[in-house]
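Subject: Structure for you to look at

Hello,

Here is the structure I said I would pass on. Please open it before reading the rest of this message.

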Amino acid sequence: MNSVALLDPARLDRPDTDIRTEPFPFLIAHGQLPDEARGELERDFPRYASAGFFPYDASDCGPSINALVERLSSAEFARAIGERLGIEDLGQYPTLITLCRSLNKRHGTIHTDSKSKVATALLYLNNLWPDSSDGCLRFLGSIDNIDSMIAPELKPLYGEFAVFKRCENSFHGHLPYEGERRVIQVAWLTSEEEKLRKTKRGKFARVFKKIFGSLDRKLGADRDRNAAHRD
């Protein structure tokens with residue numbers, strides 16, 4: 001399957017796509033990946049030994065994931081997102097791609113994303129999800145209330161997609177969850193310097209977690225459901 005067929009911006013215009021401008025610009029879209037690509041994308045997803053998001057490295061991935069990342073970071077895709085969120089020339093900003101195979105309960109606390117991000121997109125690749133709200137993405141109206149949802153929560157199932165403009169009130173997070181939760185994140189950053197800094201930090205975290213993964217897991221085991229951090 002060619003990369004254009006794998007991720008086509010025209011799918012963002014499905015009738016069930018939810019685009020809002022208040023309290024901050026965001027978009028939630030369904031069915032963004034073709035069903036026939038499920039097997040390849042599952043096979044080619046990186047098999048990280050630790051939980052969390054790690055910088056994209058083509059050598060970790062198989063060909064279908066590499067093709068998908070190429071589309072996600074393309075100028076065409078950035079233009080499509082920018083048009084829908086009201087961000088002028090989004091493609092001018094450098095992209096940082098990170099991937100996550102699994103989480104522990106420390107992850108998902110409420111936050112806005114850092115000021116170094118212009119916008120953030122999340123594309124999920126899980127074929128199944130428990131009949132639970134745990135680990136489901138929520139856009140929120142408050143930094144201290146995980147139940148202050150401004151849109152229906154999004155189960156991280158295959159082909160589900162969310163993107164938002166980073167604002168001072170772009171609160172989002174999810175209930176504690178531990179286990180496999182495959183997702184590709186695209187962040188459009190304010191500068192190449194920020195991309196370099198975040199990439200270095202992500203690579204260090206990958207090494208650290210490989211050695212001290214059990215400690216990382218213990219740190220978040222009892223986190224409060226409304227836990228938050230200010231970026």
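Below is what was found in it, taken topic by topic. Please keep in mind that this is a predicted model.

The annotated domain

The UniProt record, an unreviewed entry, carries the annotation "domain: Prolyl 4-hydroxylase alpha subunit Fe(2+) 2OG dioxygenase" for residues 108-189. Within residues 108-189, 34% of the chain is strand and 0% is helix.

The largest pocket

The largest pocket holds about 1000 Å³ of space. Its lining consists of 30 residues, and those nearest the centre are Phe53, His107, His111, Lys117 and Gln185. By type, the lining has nine nonpolar, 13 polar and eight charged residues. Several elements supply at least two residues each: strands E3 (53-55), E4 (95-103), E5 (117-124), E8 (172-173) and E9 (179-189), together with helix H5 (192-219). H5 has the largest share, at five residues.

The cavity

There is one cavity of 30 Å³ or more, and the volume of the largest cavity is about 30 Å³. Arg38, Leu41, Glu42, Leu125, Asn127, Tyr158 and Arg182 line this cavity. Helix H2 (residues 38-44) gives the most to the lining, namely three residues. The lining divides into three nonpolar residues, one polar and three charged.

In soluble globular proteins, nonpolar side chains tend to be buried together. In this model the largest nonpolar core has 37 residues, and the members that touch the most others are Leu41, Ile65, Leu68, Ile81, Phe161, Ile184 and Trp188. Two or more residues of this core come from each of E2, helix H3 (63-72), helix H4 (75-85), E4, E5, strand E7 (161-165) and E9. Another core lies apart from this one; it has 15 residues, including Phe26, Leu122, Leu137 and Val183.

Helix H4 and what follows

Which residues of H4 are buried? They are Phe77, Ala78, Ala80, Ile81, Gly82, Arg84 and Leu85. The buried residues of H4 pack against E1, E2, H3, E7 and E9. Leaving out residues up to four places away in sequence, Ile81 touches Leu12, Leu90, Phe161, Val163 and Trp188.

After H4 comes glycine 86, with a positive phi near 75 degrees. In the loop between H4 and E4 is aspartate 89, which is not a glycine but has a positive phi, near 50 degrees. Leucine 90 is in the loop between H4 and E4 as well. Its relative accessible area is 1%, so leucine 90 counts as buried. Not counting residues up to four places away in sequence, leucine 90 is in contact with Ala78, Ile81, Gly82, Val118, Ala119 and Trp188. Leucine 90 and alanine 119 are 29 residues apart in sequence, with 8.5 Å between their C-alpha atoms.

The loop between E1 and E2

Proline 23 is in the loop between E1 and E2, and the peptide bond from glutamate 22 to proline 23 is cis, with omega near 0 degrees. The loop between strand E1 (18-20) and strand E2 (26-29) also holds phenylalanine 24. Is phenylalanine 24 buried or exposed? With a relative accessible area of 0%, phenylalanine 24 is buried. Neighbours within four places in sequence aside, its contacts are Phe139, Leu140, Ile150, Phe164, Lys165, Cys167, Asn169, Ser170 and Phe171. One of these, leucine 140, is 116 residues from phenylalanine 24 along the chain, and their C-alpha atoms are 9.8 Å apart.

Aspartate 113

The loop between E4 and E5 contains aspartate 113. Its phi is positive, near 85 degrees, in a residue other than glycine. Aspartate 113 has a relative accessible area of 4% and is therefore buried.

Regards

Notes. Residues numbered from 1 in each chain as written. Predicted model: local features only at pLDDT ≥ 70, side-chain atom pairs only at ≥ 80, totals over all residues. Heavy atoms only, no water. 1 Å grid on protein atoms, 1.4 Å probe; cavity = no way out; pocket = protein on both sides within 12 Å on 5 of 7 lines; lining within 4 Å. Points joined across faces, edges and corners; volume = space filled by probe spheres on them. Helix = DSSP H or I, 4+ residues; strand = E, 2+ residues; numbered from the N terminus. Nonpolar A, V, L, I, M, F, W, Y, C, P; charged D, E, K, R; others polar. Buried < 20%, exposed > 50% of the residue type's maximum accessible area, 1.4 Å probe, protein only. Contact = heavy atoms within 4.5 Å. Core = buried A, V, L, I, M, F, W, Y, C linked by side-chain atoms within 4.5 Å. UniProt positions renumbered as here; feature names shortened; annotations may be inferred.
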